[in-house]
Amino acid sequence: MTPATLSLDVARGSSWDAIILGAGPAGSLAARQLAREGARTLLVDKRAFPRDKVCGACLNGRALSVLQSAGLGTLAARHGAIALGSFEVRVRHRATRLTLPAGVALSRARFDSALVAEAIDAGAAFLPGVTASVLPSADDEVRRVLLTSIGPAAEAQARVVLVAAGLSNHCLARETAIRNDVADRSRIGAGCTVPDGPECYAAGTIHMAVSRAGYVGLVRVEDGSLNVAAALEPAIVKSLGAADAAAAVLAEAGFPPVPSIGRATWRGTAGLTRRTHPIAASRLFVLGDAAGYVEPFTGEGIAWALAAGAAVAPLELRACERWEPALERQWAELYRQRIARRQLLCKALALVLRHPSVAGAAFAMLGRMPGLAEPFLRRLNTPSVALEASTL
Ligand SMILES: Cc1cc2nc3c(=O)[nH]c(=O)nc-3n(C[C@H](O)[C@H](O)[C@H](O)COP(=O)(O)OP(=O)(O)OC[C@H]3O[C@@H](n4cnc5c(N)ncnc54)[C@H](O)[C@@H]3O)c2cc1C
């Protein structure tokens, strides 16, 4: 399904309460919540939809609970999401299988288009295939955004702008008040989808291969195809290419080869580990991966993005009525409470996975005593229902 769209001329000629840059989970959910409250909302994405995206395609329990709180509890199931029951990790040919308390697999092409359609249904205008860039603040009453597509660029303006453009933060290049730093030893993301793959990659399980060169996650999505997503050392991608680098990680971990990944179309990302500071400026809020990236394991990235999209909406509505500089501090604090705090566990896990000997020993222990993993998995998956519901 291709969501209904808008022309550049209409976007330029209208007066918006909110312009949202990026129609991933963070931007689309924020757009939907704002439009439902009557805000004139423009959602812009540089890609045409539906679009693929480098991602493991897993939504964890918390992601599902944020959707539920937003009244979208049936969205994943309606689009054919596959329930996830286990997480199989292999390190140095040793396999550990853990039970997942919740979660589903759904391709990002399907999930993100479905969320955009919900935002449009709620009244948001959608402008795909248009690259947006925030212009420096020169006016106390509005924020301006440069919209570029085929033909001459156009300027649009809104009371508030949300930047939810994921890892590609070029849209903030002109906003000197905000810095985006990529960590020196950052891995890069790469991914593809293959229509087949060996049967051992069964539906309902997240398969994860860990090696010194990075890790690769494989999961069956709604049409039975195998979604492959990897976080890899840049040096190995440079020397082997993404497909061979992923194949090497699978082999080193002890997973059977997936022959078709060599023929698949791979997409890549910029450096993953990054931090944006501050995450707000005059009439501007930053959220989702654009606010900082922490490597996810069982579907945390989408959960954080959705949680941020839900949390920012009430603040944004206040900002539309009357901008106050204190709102910048309030978004930073809300973000710290709702998202950054919950990322600490994944940060620690990412450090462990960088050392296969430590990871191998840790997973071997969890394999013998799976009860030890339960609190971690529960923590990653458990919704803070009261907290999240209160923002909607
Ligand atoms: C290898 C890998 C595996 C992952 N696996 C999982 C997983 O299984 N589960 C999970 O929950 N998370 C996973 N993640 C993380 C997850 O993909 C992200 O955290 C999530 O997509 C963030 O959502 P977002 O809305 O912030 O940004 P995105 O989903 O990245 O959306 C940003 C949107 O902004 C658009 N955009 C960018 N620049 C511009 C611009 N200038 N103008 C207009 N539009 C623009 C892009 O086209 C895109 O549509 C994974 C990430 C990687 C790299």
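The model here is a predicted one, where local features need pLDDT of at least 70, side-chain atom pairs count only at pLDDT 80 or more, and totals for chains, interfaces and linings use all residues. Residue numbers run from 1 along each chain as its sequence is written.

Helices (H or I, at least four residues) and strands (E, at least two) are DSSP runs, numbered from the N terminus. Two strands pair if DSSP finds at least two bridges between them.

**Strands**

E7 belongs to an open sheet of 3 strands in the order E3-E7-E4, with antiparallel pairing. Strands E3 and E4 are the edges, and each pairs on one side only. Elsewhere, E5 and E6 form a hairpin with 2 residues between the strands, and Arg-92 there takes a positive phi near 45°. Across that pairing, Glu-88 has Arg-97 in E6 as its bridge partner. Here are two of the pairings:

| Pair | Residues | Sense | Bridges |
|---|---|---|---|
| E4 and E7 | 82-83 and 104-105 | antiparallel | 2 bridges |
| E5 and E6 | 86-91 and 94-99 | antiparallel | 6 bridges |

**Two helices side by side**

How do H2 and H5 pack? Helix H2 (residues 25-36) and helix H5 (residues 108-121) meet at an angle of about 20°, with axes 8 Å apart. That makes H2 roughly parallel to H5, because angles under 35 degrees count as roughly parallel, over 145 as roughly antiparallel, 65 to 115 as roughly perpendicular and the rest as oblique. Axes are lines fitted to C-alpha atoms, for helices over the stretch in contact, and angles run from 0 to 180 degrees between N-to-C directions.

Residues are in contact if their C-beta atoms, placed from the backbone, lie within 7 Å. On the H2 side the contact includes Pro-25, Leu-29 and Arg-32, while Asp-112, Leu-115 and Glu-118 are among those from H5. The contact's residues divide into 7 nonpolar, 1 polar and 3 charged. Ala, Val, Leu, Ile, Met, Phe, Trp, Tyr, Cys and Pro count as nonpolar, Asp, Glu, Lys and Arg as charged, and the others, Gly among them, as polar.

**Around the ligand**

The ligand is surrounded by 43 residues, and the closest are Gly-24, Gly-56, Gly-166, Gly-288 and Gly-301. A residue is near a molecule if its C-beta atom, placed from the backbone, lies within 6 Å of it. H2 turns up again here, as one of the elements that each supply at least two residues of the shell. Helix H8 gives the most, with 5 residues. The shell divides into 22 nonpolar, 15 polar and 6 charged residues.

Note on methods: Two residues are in contact if their C-beta atoms, placed from the backbone, lie within 7 Å.
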